[in-house]
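Colleague: Can you walk me through a pair of helices in this model? Keep it simple, please.

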Amino acid sequence: MTMMDKVNAGAHSVANAMFDREAPSYLEATAAYSIIAQGRLINSVLSIMYNHARDPELRILLHQALEEHNKVTIEVCEKVLQDNGGELPHFYFQERKLQDTPLDIPPDARMSDEEIVLGLATIAKGAQMTILAALHHSYQPNIAMAYRKRLDEGLDFDFRILQLALNRGWLPHLDKVKH
């Protein structure tokens with residue numbers, strides 16, 4: 001997307017936000033509710049992964065996944081529902097403290113950094129598919145643009161996960177199909 005496309009999309013979004021306000025459709029509301037519910041569970045999973053991770057760069061990525069991606073996406077979806085009189089999910093999961101240093105857990109009882117990075121990549125891809133589906137079900141430009149921004153940032157983040165996994169040799173070797 002060129003810079004001019006971004007400017008046009010931003011101007012279009014502002015105009016629609018000011019003049020074209022209607023309640024989210026059932027699909028838009030359901031998608032937002034679902035993302036909030038899944039995101040709250042993923043907060044717990046990411047916190048546990050963070051406390052198990054030993055690699056400093058992996059810990060940084062996990063912290064960013066929590067604070068800059070998952071929590072922000074939940075807030076975006078909560079705003080969609082709250083601004084339109086929708087109810088938020090009424091369940092929460094225990095908030096876990098992020099430890100300054102990895103927990104001293106025996107190796108056979110904790111996740112390895114390789115398992116954590118692959119789990120993080122799987123979570124990221126699942127989140128991207130969920131947000132993409134929500135984007136495709138969005139009728140309102142302001143909601144669609146919010147999802148698009150979250151998706152763009154998520155794709156960039158996923159690339160960073162892949163780079164770390166490649167640099168550390170954590171990607172499993174997959175045999176090639178021979179013809």
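**Two helices in contact**

Modeller: In H4, Val117, Leu120, Ala121, Ala124, Lys125, Gln128, Ile131, Leu132, Ala134 and Leu135 meet Ala144, Tyr147, Arg148, Arg150, Leu151, Gly154, Leu155, Asp158, Ile161 and Ala165 in H5. Contact means heavy atoms within 4.5 Å. Helices are DSSP runs (H or I, at least four residues), numbered from the N terminus.

Colleague: What kinds of residues make up the contact of H4 with H5?

Modeller: That contact has 14 nonpolar, two polar and four charged residues. Ala, Val, Leu, Ile, Met, Phe, Trp, Tyr, Cys and Pro count as nonpolar, Asp, Glu, Lys and Arg as charged, and the others, Gly among them, as polar.

Colleague: How far can I trust the details?

Modeller: This is a predicted model: local features need pLDDT of at least 70, side-chain atom pairs count only at pLDDT 80 or more, and totals for chains, interfaces and linings use all residues. Residues are numbered from 1 along each chain as its sequence is written, and side-chain values use heavy atoms, with hydrogens and water left out.

Colleague: New topic. Where is serine 112?

Modeller: Serine 112 lies in the loop between helix H3 (56-82) and helix H4 (113-136).

Colleague: And how far is serine 112 from arginine 168 in space?

Modeller: They are 13 Å apart, C-alpha to C-alpha, and 56 residues apart in sequence.

Colleague: Which residues of H5 are buried?

Modeller: Among them are Ile143, Phe157 and Leu164. Buried means under 20% relative accessible area (1.4 Å probe, protein chains only), exposed over 50%, and partly exposed in between.

Colleague: What do the buried residues of H5 pack against?

Modeller: They pack against helix H2 (26-52), H3 and H4.
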